[in-house]
Structure formats: structure tokens, C-alpha cells
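Please look over the notes below with the model open beside you.

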Amino acid sequence: MSRAETDLLVIGAGPAGLYAAYYAGFRRYSVTLIDSLPELGGQVSALYPEKVIYDVAGFVAIKGQELVDALVDQAATAKPQYLLGHRAEELLVDDEVVTVTTHLGAVVQAKAALITGGIGTFTPRPLPDADDFADRGLRYFVKRLDDLAGQKVLIVGGGDSAFDWAVSLEPIAESVTLIHRRPAFRAHKATVDAVLSSRVEVLTPYEVVRINGNARVESVEIFDNLTGERRTLPVDSVVAALGFTADLGPFTRWGLDQRKRHILVDSAMRTNLRRVFAAGDIVEYDGKVKLISVAFGEAATAVNNAAGLIEPGAKVFPGHSTGAEGP
């Protein structure tokens with residue numbers, strides 16, 4: 001495809017973008033999604049498809065890929081057009097249309113655009129001096145839990161990913177040890193409590209001194225950064241859940257107002273550019289809470305407020321979804 005026209009262009013095919021596609025179809029608008037990744041699902045599919053997610057309405061818990069699969073099925077009702085493996089490179093806005101050109105030369109013209117690009121391009125923060133063991137027992141993401149079944153696993157980190165993987169691996173690994181350089185954690189309290197009450201060994205304030213091994217990881221030397229005490233742990237795999245750095249890439253060149261590397265929006269999810277909205281982890285506003293469940297609401301808010309631009313005279317509120325004919 002070299003050129004296309006659509007009612008709504010969604011930039012980013014993660015959970016928020018997929019739900020936005022469904023909701024656009026719910027309002028009977030045509031929709032096109034662009035994503036630089038070759039698969040749908042954004043960070044969830046690319047980084048942690050087997051991670052259990054706890055903040056989605058209607059599910060006590062659901063694995064990341066299962067959620068993505070359900071969102072893809074839901075979005076299919078809108079008959080969206082997907083441009084996967086395309087990075088949105090240029091954006092032009094005029095009074096009537098938004099035009100986006102991808103790095104592969106595809107051009108999409110839309111009556112409104114919605115940016116749901118998550119955190120942009122993401123790169124994991126490396127574990128210092130551990131490059132020699134990359135793909136030889138050291139990993140930054142756990143895409144398949146079964147790869148670590150029966151192993152002695154060390155998890156390094158104190159955020160949500162570290163604790164989520166500890167919860168998921170505890171039933172199938174021979175042992176799980178989690179270390180963090182501070183006594184305080186950044187993970188959700190319920191997940192922290194679950195780990196602390198499990199057989200996972202949690203050590204703070206510990207850091208990695210070095211990883212030892214020949215062909216693969218065999219042990220890790222750690223130290224208490226308060227007392228200097230050193231310990232050597234026999235391990236088969238190290239999961240370095242140290243977070244990641246984000247590169248907003250082309251978004252920074254489009255004239256969007258930003259704060260702390262996030263796109264600023266108002267209560268209608270409008271950016272400072274006419275016809276351009278944003279939702280999900282990439283946006284910032286007072287009181288913002290970064291949850292997938294919040295991103296779904298933001299996506300619906302953006303689509304409804306874009307309605308007047310897509311269809312002049314359309315109401316923001318489309319009517320209740322329980323109506324016989326829908327909106």
C-alpha cells in the first residue's frame with residue numbers, strides 16, 4: 001500500500017491502540033493502525049506475552065498474550081487496516097486532514113489521528129559488565145516462562161516486571177531469588193506481598209558484583225551495599241528487570257507539547273495539534289495513572305472527542321452500548 005485514506009489513524013498497535021480501533025468501528029468509522037513492530041500487541045507481545053496482568057476489568061488475572069489475542073479479535077469487528085513494520089516518520093496537519101508518512105513510504109491521510117505509541121522505542125537498561133552472558137543465561141525479558149522451568153533463577157530489580165516474573169516463575173522454577181539495591185520496591189503492593197509470602201527469596205539491599213560461568217551462567221556474586229557482605233549464588237539464569245529507556249523518536253519532531261518525555265493532553269485526550277489525540281502510557285496530565293485499564297478509557301475518550309472532527313456535528317457521547325443498534 002502506498003496511499004490510503006481513513007477516518008481515524010491510530011499510531012501504535014498495543015492494547016490502547018487495538019481498543020481504539022474497536023471503538024472507532026463501534027462508532028462506524030474506518031480505521032488504520034500503524035506500528036513499527038512486525039506483530040500486534042506492542043510491548044505486551046514483544047516483551048512479556050506470558051506475564052500475568054492484574055489491572056484489566058473483568059479478569060482477576062490474564063496473561064499478556066491472551067489479552068492481546070482478545071483485543072485483536074475485538075478490533076477485527078472494525079475491519080481495521082494494519083500497517084505493521086511501518087514507523088510513522090512524518091506528520092503534517094492542516095484544517096481538513098492529518099497526513100502521516102511511514103519510513104517505508106506509505107502515506108495515510110486521516111480525518112483524525114490518535115497516538116497510542118506506549119513509550120516509543122524501548123531499550124532495556126543493561127546489567128553492568130554482563131554483556132558476555134547475553135543469551136547465555138542472562139535475559140532482560142521473559143517471553144516464554146517454560147524456558148526457565150526447573151532452573152535456579154536470579155531476578156534483579158524492584159519494579160513491577162521483577163515482581164510479576166517472580167510470581168509467575170515461582171511455581172515452575174527450582175528456585176527463585178530476587179535482589180534489589182534498595183529496601184523499598186516500586187512494584188504494586190499486592191504483588192510484593194504475594195512474593196514475600198511465597199518461597200521466593202528476597203534480598204535487599206543487594207547488587208550484582210559479577211556473573212560467573214563458562215559457556216553459560218553458573219553463579220552470581222552479589223553484595224550488600226550497606227555492610228559490604230558478599231555472597232555467591234548458584235544460578236542457571238539471570239533476569240535483569242532493570243527497566244528500560246524510551247526513545248520517542250519521530251514524535252519529538254512533530255511539534256507536540258511534552259513533559260518528561262510524554263505527550264501532554266487535556267481531559268479530552270487532545271494534544272496541542274488540531275486533529276491529533278493521544279492515549280496510553282505515552283501521555284501525561286495531572287493525576288495520570290499508568291494502567292492498561294486507564295489506557296482503555298483514554299482511548300475511548302479520544303475516539304469520542306475526535307468524532308466531531310471525523311463526522312462534523314457528531315455528538316461526543318455516542319449513546320449507550322446496550323442499545324439495540326449501538327451508537
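Predicted model: local features only at pLDDT ≥ 70, side-chain atom pairs only at ≥ 80, totals over all residues.

1. **A cut-off for helix angles.**

2. **α1 against α6.** Helix α1 covers residues 15-26, and helix α6 covers residues 292-310. Their axes lie 9 Å apart and the packing angle is about 40°. The pair is therefore oblique. The crossing of α1 past α6 is right-handed. On the α1 side, the contact uses P15, A16, Y19, A20, Y23 and A24. On the α6 side, it uses I292, A295, F296, A299, A300, V303 and N304. By class, 12 of the residues in the contact of α1 with α6 are nonpolar, 1 is polar and none is charged.

3. **α1 against α3.** Which helix is roughly parallel to α1? It is α3: the axes of α1 and α3 cross at roughly 25° and come within 8 Å. Angles under 35 degrees count as roughly parallel, and α1 and α3 are therefore placed in that class. The crossing of α1 past α3 is left-handed. From α1, the residues P15, L18, Y19, A21 and Y22 take part. They meet V68, L71, V72, Q74 and A75 of α3. The contact of α1 with α3 holds 9 nonpolar residues, 1 polar residue and no charged ones.

4. **α1 itself.** Is α1 mostly covered or mostly open? It is mostly covered, with 11 of its 12 residues buried. The buried residues include the tyrosines Y19, Y22 and Y23, along with P15, L18 and F26. A16, G17, A20, A21 and A24 are buried too. The length of α1 also checks out. At 1.5 Å a residue, its 12 residues should span 16 Å, and the end C-alpha atoms are 16 Å apart, so the two agree. After α1 comes R28, with a positive phi near 70°.

5. **α4 against α5.** Helix α4 (residues 160-169) packs on helix α5 (residues 189-196) at about 45°. The axes of α4 and α5 are 9 Å apart. This pair is therefore oblique. The crossing of α4 and α5 is left-handed. F163, D164, A166 and V167 of α4 meet T191, V192, A194 and V195 of α5. By class, the contact of α4 with α5 has 6 nonpolar residues, 1 polar and 1 charged.

6. **Backbone points to inspect.** Most residues other than glycine have a negative phi, and most peptide bonds are trans. Where does the backbone depart from this? The peptide bond from T204 to P205 is cis, with omega near -10°. P205 sits in the loop between β13 (201-203) and β14 (206-213).

7. **Two lysines with positive phi.** K79 has a phi near 50°. It belongs to the loop between α3 (64-75) and β5 (81-84). Is K79 buried or exposed? Its relative accessibility is 71%, so K79 counts as exposed. K260 has a phi near 55°, again a positive value in a residue other than glycine. K260 lies in the loop between β19 (258-259) and β20 (262-264). Its relative accessible area is 75%, so K260 is exposed.

8. **E207.** This residue is in strand β14. E207 has a relative accessible area of 31%, which means partly exposed. What does E207 touch, beyond residues up to four places away in sequence? It touches I179, R181, E221, I222, F223 and N225. The C-alpha atoms of E207 and T177 are separated by 12 Å, and the two residues are 30 residues apart along the chain.

9. **Q151.** Q151 is in the loop between β10 (138-139) and β11 (152-156). Under 20% relative accessible area means buried. Q151 has 17% relative accessibility, so it counts as buried.

Methods: Residues numbered from 1 in each chain as written. Heavy atoms only, no water. Axes fitted to C-alpha atoms, helices over the stretch in contact; angles between N-to-C directions. Helix = DSSP H or I, 4+ residues; strand = E, 2+ residues; numbered from the N terminus. Parallel < 35°, antiparallel > 145°, perpendicular 65-115°, else oblique. Left-handed = near helix turned anticlockwise from the far one by under 90°. Contact = heavy atoms within 4.5 Å. Nonpolar A, V, L, I, M, F, W, Y, C, P; charged D, E, K, R; others polar. Expected span 1.5 Å × (residues − 1). Buried < 20%, exposed > 50% of the residue type's maximum accessible area, 1.4 Å probe, protein only.
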